[in-house]
Amino acid sequence: MRVVVVGGGIGGLALAAGLRRRSFGVTVFDRDREVRATGGYHITLDGRARTALAELVAPEVMERLLASASALRLRDRDAFWDHRGRLLGHGPDLGQDAGIDVDRITLRTLLAEAVGDDLHLGRTVSGVGHDGHGAPQVRFTDAPPVTADLVVGADGVHSLVARHLAGARPTARQASSGSPAGRGSAT
């Protein structure tokens, strides 16, 4: 089975690494030109996320990730503030959790290494559809289309793959303003 993953963020790369580790043919396409072109700061991996990630990547990748991590118990609880600077509350005390904080770029870089040459950067997807035989096909702005047995959309909140499946209708909408943190997007 040949799998094409559209989106080379953390989710798309983790899936591809796990599929590749289990000998599936998988190719990932992402519009970023380099792996380090991601935003964000740290990401928390709780015990469940660490267990899941350990199933997807080789032990040496997990060891490198853990070597770069910081333990949650060494930091104060998260604080949540509204747009006016008022304290809304604190996150849970994670001092006893097996969770860790890791740098997003480091995590993405290690996952990209696990995917290897099956990651193609700088490839902008223009659409998805089917080839002449009905097989799923991914189309690009600057390259020939790629046909697969399965196409996975891991391309974010404004996913082209999700829009295709939804009949070109938008798949994201504004969340209500009733949330404690104010307005945001939801999918």
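Reader: How many residues lie between strand 9 and strand 10 in the hairpin?
Author: In this predicted model, 5 residues separate strand 9 from strand 10 in the hairpin. Within the turn, Gly134 has a positive phi of about 90 degrees.

Reader: And in which sense do strand 9 and strand 10 pair?
Author: They are antiparallel: strand 9 (residues 125–130) and strand 10 (residues 136–140) are joined over 5 bridges. Val128 is placed opposite Val138 of strand 10.

Reader: What is the strand order in that open sheet?
Author: The sheet has 3 strands in the order 9-10-11, with antiparallel pairing. Strand 10 and strand 11 are connected by 2 bridges, and Val138 faces Val146 in strand 11.

Reader: Why is one side of strand 9 and of strand 11 left without a neighbour in the sheet?
Author: Strand 9 and strand 11 (146–147) are at the edges and each has a single partner strand, so one side of each has no neighbour in the sheet.

Reader: What does Leu65 touch?
Author: Leaving aside residues up to four places away in sequence, Leu65 touches Leu45, Leu53, Val102, Leu107 and Leu110.

Methods
Residues are numbered from 1 along each chain as its sequence is written. This is a predicted model: local features need pLDDT of at least 70, side-chain atom pairs count only at pLDDT 80 or more; totals for chains, interfaces and linings use all residues. Side-chain values use heavy atoms; hydrogens and water are left out. Two strands pair if DSSP finds at least two bridges between them. Helices (H or I, at least four residues) and strands (E, at least two) are DSSP runs, numbered from the N terminus. Contact means heavy atoms within 4.5 Å.
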